[in-house]
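Here's a walk through a two-chain model, for someone who likes to see the cut-offs spelled out. Take a look at it first, then read on.

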Amino acid sequence: MMDHESEIRQFIADQFLFGDIRPLSPEESLLEAGIIDSTGVLELLSYLEDHFGIKVQDEELLPENLDTIGNICRFLDQKLA
Amino acid sequence: MLTSRGLIHRFLEESAARLPDKLALVDERKRLTYSQINRQSNQVAHGLIQAGVRPGDQVVLLCENSAEYVSGYYGILKSGGIAVPLNTEWKPDGLARLLDGLEPKVFLASSRLEETVRSLESVRARMGRVFLVPRRPSSPDPALPGPSGGLSFSAQPEGNPDLDIGPGSCAMIVFTSGSEGIPKGVMLSHANIVANTRAIIEYLELTLRDVQMVVLPFHYVMGKSLLNTHFAAGGAVVLNNRFAYTASVLKQMAAENVTGFSGVPSTYAQLLFRSPLAKYRDSLPALRYCTQAGGHMPRPIKQDLLRILPAHTRLVIMYGATEASARLAYLPPDRLAGKLDSIGIPIAGVTMEVLSPDGRTLGPGQVGELVARGDNIMLGYYHDEEATRKVLDHRGYHTGDLGYVDEDGFFFVTGRKDEQVKIKGHRVSLRGVEDAVVESGLAMECLAFAVPDVYQSLVVAAVAVPIREAPDNAVRITDYCRAKLPDYLVPRPLLLVDAIPKTSNGKPDRSGAFDLFRSRLGLGGKSGLSGIPT
């Protein structure tokens with residue numbers, strides 16, 4: 001179990017699913033599932049930076065880092081390590 | 001060499017004949033040549049014909065940017081059908097409402113949107129048959145059974161159907177974004193699109209060496225023009241549906257030696273402030289130009305782009321409307337520095353003039369409505385003669401944009417006719433407010449609203465996205481506006497947000513932004529606007 005998964009899931013549920021908890025697989029593309037869009041990615045970034053005190057660099061704006069719950073958790077672990 | 005005989009799909013057929021093995025399209029790991037795409041489109045066309053589509057029948061296309069979209073689009077045109085591409089981001093309710101006004105014979109959807117299609121069960125029976133766009137020409141039986149049985153696209157012949165289709169006949173119904181109300185169905189003929197495609201190729205000097213990065217949706221008329229122009233010129237398009245992750249787009253632009261990039265104002269705000277564009281300056285040697293259309297882009301964004309884009313990359317500001325098949329005017333890049341706020345000069349085959357409310361042609365410097373004529377102007381709005389009469393007459397297409405022409409023949413847009421508001425007795429356009437906020441150098445985007453205060457008189461309020469987080473952003477932006485604008489135009493309150501909601505075309509979603517604004521102020525509910533504390 002990844003460290004921050006439940007927090008990230010909660011944020012996504014509150015911010016994008018309006019509390020509607022649907023089963024999201026950790027490797028499901030948030031973009032393709034229509035859960036986030038460009039605006040959503042910016043909100044996600046802002047949340048990660050404020051909540052975890054990290055700085056996401058522009059060149060890190062990649063689906064590999066941000067497009068699935070699993071990717072976000074791995075990216076966070078890396079940034080916080 | 002572009003002898004298209006007036007039909008949009010002839011562009012593809014000619015490129016397939018002339019350059020059969022040339023790369024035409026990159027979609028994720030798929031790299032397709034002109035002959036592959038043409039064969040696949042022909043199979044769709046023959047399949048549609050077998051399914052009963054006859055010239056003039058509507059075929060709805062609900063598909064994200066992909067190789068499937070492209071074969072679906074050309075397949076519909078080749079079958080003589082009218083392509084009705086719909087926004088893949090519309091919710092089932094909105095789609096159902098739009099479909100109520102249409103009479104589609106067949107519904108082509110991508111497999112990813114199957115769920116959405118199924119949720120439209122209620123309209124399926126009335127609409128005719130539903131098929132999934134084939135993923136590959138060789139894939140086994142890609143069509144899912146509709147109410148009246150399945151259809152195999154892969155078993156269809158691969159040759160051009162070569163139907164006798166009139167160039168003046170309706171080729172597609174394109175819905176306006178609906179960012180300013182209910183979407184209207186714009187009917188465009190083959191001749192409209194063909195004329196516009198040729199004019200765009202001319203001013204962008206497109207050739208078979210051009211490679212376009214496409215981040216705009218094809219259901220949007222500007223996205224579609226990228227496809228039509230590059231396929232006519234024999235160039236290639238690279239599809240990337242992940243612009244939200246800007247670094248991935250730049251990475252692919254470098255890897256594919258992209259020569260052209262196109263966006264709306266928000267695309268460029270994001271590239272400037274939320275992407276590693278500056279770091280890619282030396283990695284984009286092939287990038288000839290960037291085009292911008294889809295609304296007014298504030299001056300500082302243009303200036304920053306000129307500074308940050310590679311020195312060899314030209315910025316082409318353009319102007320148009322869905323009603324004009326996309327393009328009406330462009331600003332030759334060598335005139336950009338001297339005419340930074342201009343939308344440019346009419347493209348080949350288009351004439352534009354500025355008209356007074358009583359229909360007189362206005363001279364240089366006088367503000368009136370921009371009216372355009374040309375072979376690219378739409379046939380009319382679908383099933384809405386009243387709306388058509390309002391914008392089309394013997395003078396041409398009335399754009400609804402206010403502006404003027406200067407002594408050199410360059411046009412300038414100052415605002416929208418229907419967006420003028422009266423603030424404290426002054427008739428104003430809120431664009432000046434939005435521009436001032438961005439000009440402060442502290443905000444990347446801004447949307448201003450006129451809202452009633454507690455005394456029910458209109459005041460200006462705004463939401464803005466700060467470039468960098470800083471505690472004094474709001475104060476500093478407000479101070480800048482105070483120095484630049486009359487007091488009644490200084491936005492109060494100015495709310496800072498992470499992002500401004502957008503339509504799928506990337507245009508600001510005014511009603512979404514207003515809801516955000518209200519919820520931030522704790523003004524719940526959507527009814528009634530009053531009560532903004534000042």
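Start with helix α1 (residues 8-18) of chain B and helix α2 (residues 34-50) of chain B, whose axes come within 8 Å and cross at roughly 135 degrees. Axes here are lines fitted to C-alpha atoms, for helices over the stretch in contact, with angles running from 0 to 180 degrees between N-to-C directions. Helices are DSSP runs of H or I with at least four residues, strands are runs of E with at least two, and both are numbered from the N terminus. That angle makes α1(B) oblique to α2(B); angles under 35 degrees count as roughly parallel, over 145 as roughly antiparallel, 65 to 115 as roughly perpendicular, and the rest as oblique. On the α1(B) side, the contact is made by L12(B), E13(B), S15(B) and A16(B), and on the α2(B) side by Y34(B), S35(B), I37(B), N38(B) and S41(B). Two residues are in contact if their C-beta atoms, placed from the backbone, lie within 7 Å.

A word on the ground rules: this is a predicted model, where local features need pLDDT of at least 70 and side-chain atom pairs count only at pLDDT 80 or more, while totals for chains, interfaces and linings use all residues. Residues are numbered from 1 along each chain as its sequence is written, and chains are lettered from A and ligands numbered from 1 in the order in which they are written.

Staying in chain B, hop over to N228(B), which sits in helix α8 (residues 221-233) of chain B. N228(B) is buried, with 24 other C-beta atoms within 10 Å (20 or more make a residue buried, 12 or fewer exposed, and anything in between partly exposed, with C-beta atoms placed from the backbone). Setting aside neighbours within four places in sequence, N228(B) touches I8(B), F11(B), I193(B) and T197(B). Its C-alpha atom is 9.7 Å from that of I201(B), 27 residues apart along the chain.

Now for chain A, which has 4 helices and 0 strands. Its C-alpha trace spans about 30 × 30 × 20 Å along the principal axes, and 25% of its 81 residues count as buried. Of the contacts in chain A with a separation of 6 or more, 63% are between residues 24 or more positions apart.

Finally, how do the chains meet? In all, 17 residues of chain A are in contact with 16 residues of chain B. On the chain A side, α2(A) gives the largest share, 6 residues.
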